[in-house]
Amino acid sequence: MVERVLVVGAGISGLAAARLLRDQGVHVTVLEARDRLGGRTYTSNALGLPLDTGASWLHGLKNNVLMNVAQELGLSIDVTEFGDTTIYGSDREEDRLLDEIEDELETAFFERAENRDSEETVAQAMQGLPEQFGLSEQQWHHFLGVTIEADWAGDVDDLTVAALLEGEEPKGGDATIRGGYVQIIEHLSAELDVRLNTPVLLIEHRSDGVLVTTKSEQFSGDRVVVTIPLSILKTGKPTFSPPLPDDHQTAIDGLRVGLLNKVFLKFPKVFWDAEEAFFTVQNSQRGRFVTWMNLYLTTGEPLLVAFNAARAAQDVEYLSDTETVDEAMNILREIFGSNIPVPMSYQITRWGKDPWSQGSYSYLGKGSDPKMRGSLSKPVGSRLFFAGEATHSEFPASAHGAYLSGLRAASEILSMGSAEK
Ligand SMILES: Cc1cc2nc3c(=O)[nH]c(=O)nc-3n(C[C@H](O)[C@H](O)[C@H](O)COP(=O)(O)OP(=O)(O)OC[C@H]3O[C@@H](n4cnc5c(N)ncnc54)[C@H](O)[C@@H]3O)c2cc1C
């Protein structure tokens, strides 16, 4: 008899699982709460061209499985040259100093991390380091904002040393996908049975099968793969019956979810250095509008995107659109002068307020243990399976980790053979 599997969530992990199962002859139905596919990868055309508002990079081109997918699909990529970026701030002399020592500082930072207790927070573990390098508080916060919080999306007061050291190091540089992640999503979802606008409320997993209740319908199956983001699982939704085992619940409670947001500004013309991929800004509020990327390089359009991470991202989410754009423009005017043009259009992400993500991606913080990712990934009996970025230990918090987790969950199901009824 053909096996019936329900997949909850049409993000990259759910689609990867569904596709592999479908290719192996399993009858798959994907239940997705949103009115679109892709979850935390979302290529928006709101500004008249495809822009990735969630995941945009393929991190680690040499050990990123999605790079193989992109190649198979013949997608064009733009390798990101992080290189030397101009640091703007209050004092040119200070900026130059920070620029010169940044590589040395980064090496010292990670060397120190390797020798500290993994449960210490980054803030605790790095005490004394700014003094050792003669950095002002603002310079130190700039480094933390740009190098640490913008990557891990967690606040250095909560992010632990374990977070810095977990997972496999990306190798071979990074690239964005011309035309956006949507192309991978469309490929993965082709010919799948996906029910949009179908939030799952209850997942019943019993010895003889599963029953999934949505707002309007019930779906029965042999097994279910749950790819709901960690932040939503933390709210206790959907309900699991019987409740999740202690190990799963401990992992859900213990792992943390960070925030990274983007503010896209489209201008009538380029007024910044058109050749430089990034510039950064020293700001008295750590991480707030500190990293700016020049999208003219990859799109040919006069576009900038500013990143806000961790606490700064949380604070900025509560600003109105006008306040957000005004703050971004004030920073740009300080750097480039008061005569720069106003943006013709903008797009602001608020992944924390988005009810179906409630955050950007997971990290290890106070009370987290790296083993929790493994616990969360474990099947419960032979009916309930988990995937999603937070369940992947080698590449957590990434699109390729999510993808691999989906393949893992599908393989677990396939290796079980046909479900006994
Ligand atoms: C701003 C930002 C930038 C990022 N940048 C990068 C990057 O450059 N490179 C990179 O590799 N990664 C990046 N990431 C991380 C990457 O996007 C995620 O790790 C990955 O997309 C997560 O995929 P997933 O399938 O685990 O979860 P999701 O994509 O969140 O999929 C889960 C799905 O479940 C659905 N869902 C939730 N609740 C329910 C419910 N009750 N019923 C039914 N469906 C439900 C959601 O709507 C969603 O579609 C970024 C993320 C963000 C937010």
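Biologist: Where does Pro242 lie?
Modeller: Welcome! This is a predicted model, in which local features need pLDDT of at least 70, side-chain atom pairs count only at pLDDT 80 or more, and totals for chains, interfaces and linings use all residues. Residues are numbered from 1 along each chain as its sequence is written, and side-chain values use heavy atoms, with hydrogens and water left out. Helices (H or I, at least four residues) and strands (E, at least two) are DSSP runs numbered from the N terminus, and Pro242 is in the loop between β14 and α10 (246-254).

Biologist: What is omega for the peptide bond that joins Ser241 and Pro242?
Modeller: The bond between Ser241 and Pro242 is cis. Its omega is about -5°.

Biologist: Is Ala310 buried or exposed?
Modeller: Ala310 belongs to helix α12 (residues 310-317). Although not a glycine, Ala310 has a positive phi of about 55°. Buried means under 20% relative accessible area, exposed over 50%, and partly exposed in between (1.4 Å probe, protein chains only). With a relative accessible area of 3%, Ala310 is buried.

Biologist: What is the relative accessible area of Gln358?
Modeller: Gln358 lies in the loop between β20 (345-348) and β21 (361-363). Its phi is positive, near 50°, in a residue other than glycine. Gln358 is partly exposed, its relative accessible area being 33%.

Biologist: Which strands stand at the edges of the sheet?
Modeller: Two strands pair if DSSP finds at least two bridges between them. The sheet is open and has six strands with mixed pairing, in the order β7-β17-β18-β19-β16-β20. Each edge strand has a single partner, so one side of it is left without a neighbour in the sheet. The edge strands are β7 (86-88) and β20.

Biologist: What is the bridge partner of Phe278 in β18?
Modeller: Strands of a sheet pair through backbone hydrogen bonds, either parallel or antiparallel. Strand β17 (residues 278-281) and strand β18 (residues 291-294) pair in the antiparallel sense, over three bridges. The partner of Phe278 in β18 is Met293.

Biologist: Which helix packs on the sheet?
Modeller: The helix covers residues 137-152 and touches β7, β16 (260-266), β17, β18 and β19 (303-309), where contact means heavy atoms within 4.5 Å. Its direction makes about 130° with that of β17; axes are lines fitted to C-alpha atoms, for helices over the stretch in contact, and angles run from 0 to 180 degrees between N-to-C directions. This helix is α6.
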